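Biologist: I've got this one open on my screen. Can you walk me through what's worth a look?

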Amino acid sequence: MAFFEQLTERFYERVASDEVLRPLYPDDLGPPRRRLCLFLVQFWGGPRLYEEQRGNPQLRARHMRWEIGLRERDRWLEHMVAALEASPAGPLERAQLRGHFEAVANHLVNAGDAAGQNGRRGAPSAGPGLRLRPPAAERR
Ligand code: HEM
């Protein structure tokens, strides 16, 4: 628990001064930090507090009200990777966490050309039930 508290704290410290991401979040970054922390604790096998408080994660649906393109995804990942690098995680844990963050971040891209590729490339954690949109060329 302490690990993810520290990780999300470092991550949101960076988001606080990011001109692309900051406008997407509410004024008080405390609650978003806590939600991300509880989600990660639960995902990595800890207590299921996220579910108790927020229900099923349904992250893609929950992120639909923001336009998330490659720019937003890359900023998010950049800050998370920096937070990971400053964490006490060893090389194996780092690689596993990074793989998870990259997969979820790709899955959440919902705007721009890359959104149409979702589920085809780079979204191995999407799992069953994801509605795939065909690439723009096939949509017409
Ligand atoms: C791809 C770039 C991403 C952007 C631009 C983004 C943006 C946001 C924003 C604006 C919120 C609302 C803040 C709040 O009030 O809680 C949010 C919530 C959240 N995000 Fe992301 N996010 C991204 C990627 C991710 C990833 C990769 C994960 C998980 C590994 C994640 C997990 C969450 C969770 C758990 C919440 C809280 C959902 C809830 O219970 O309401 N996000 N995100």
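Biologist: What is the handedness of the crossing of helix 1 and helix 2?

Modeller: Keep in mind that this is a predicted model. On the helix 1 side, the contact uses Phe-4, Glu-5, Thr-8, Glu-9 and Tyr-12, and helix 2 brings Arg-33, Leu-36, Cys-37, Leu-40 and Val-41. Sorted by class, those contact residues come out as 6 nonpolar, 1 polar and 3 charged. As for the crossing of helix 1 and helix 2, it is right-handed.

Biologist: Now the ligand. Which element gives the largest share of the shell around it?

Modeller: There are 22 residues around the ligand, with Leu-24, Pro-32, Arg-35, Phe-39 and Trp-76 coming nearest. Two or more residues each come from helix 2, helix 4 (59-62), helix 5 (70-85) and helix 6 (91-108). By class, the shell holds 16 nonpolar, 1 polar and 5 charged residues. The largest share, 5 residues, is from helix 2.

Biologist: And Gln-58, is that buried or exposed?

Modeller: Gln-58 lies in the loop between helix 3 (49-54) and helix 4, and its phi is near 35°, a positive value in a residue other than glycine. Around Gln-58 there are 11 other C-beta atoms within 10 Å. The cut-off is 12 or fewer, so Gln-58 counts as exposed.

Conventions. Residues are numbered from 1 along each chain as its sequence is written. This is a predicted model: local features need pLDDT of at least 70, side-chain atom pairs count only at pLDDT 80 or more; totals for chains, interfaces and linings use all residues. A crossing is left-handed if the near helix is turned anticlockwise from the far one by less than a right angle, and right-handed if clockwise. Helices (H or I, at least four residues) and strands (E, at least two) are DSSP runs, numbered from the N terminus. Two residues are in contact if their C-beta atoms, placed from the backbone, lie within 7 Å. Ala, Val, Leu, Ile, Met, Phe, Trp, Tyr, Cys and Pro count as nonpolar, Asp, Glu, Lys and Arg as charged, and the others, Gly among them, as polar. A residue is near a molecule or strand if its C-beta atom, placed from the backbone, lies within 6 Å of it. A residue is buried if 20 or more other C-beta atoms lie within 10 Å of its own, exposed if 12 or fewer, and partly exposed in between; C-beta atoms are placed from the backbone.
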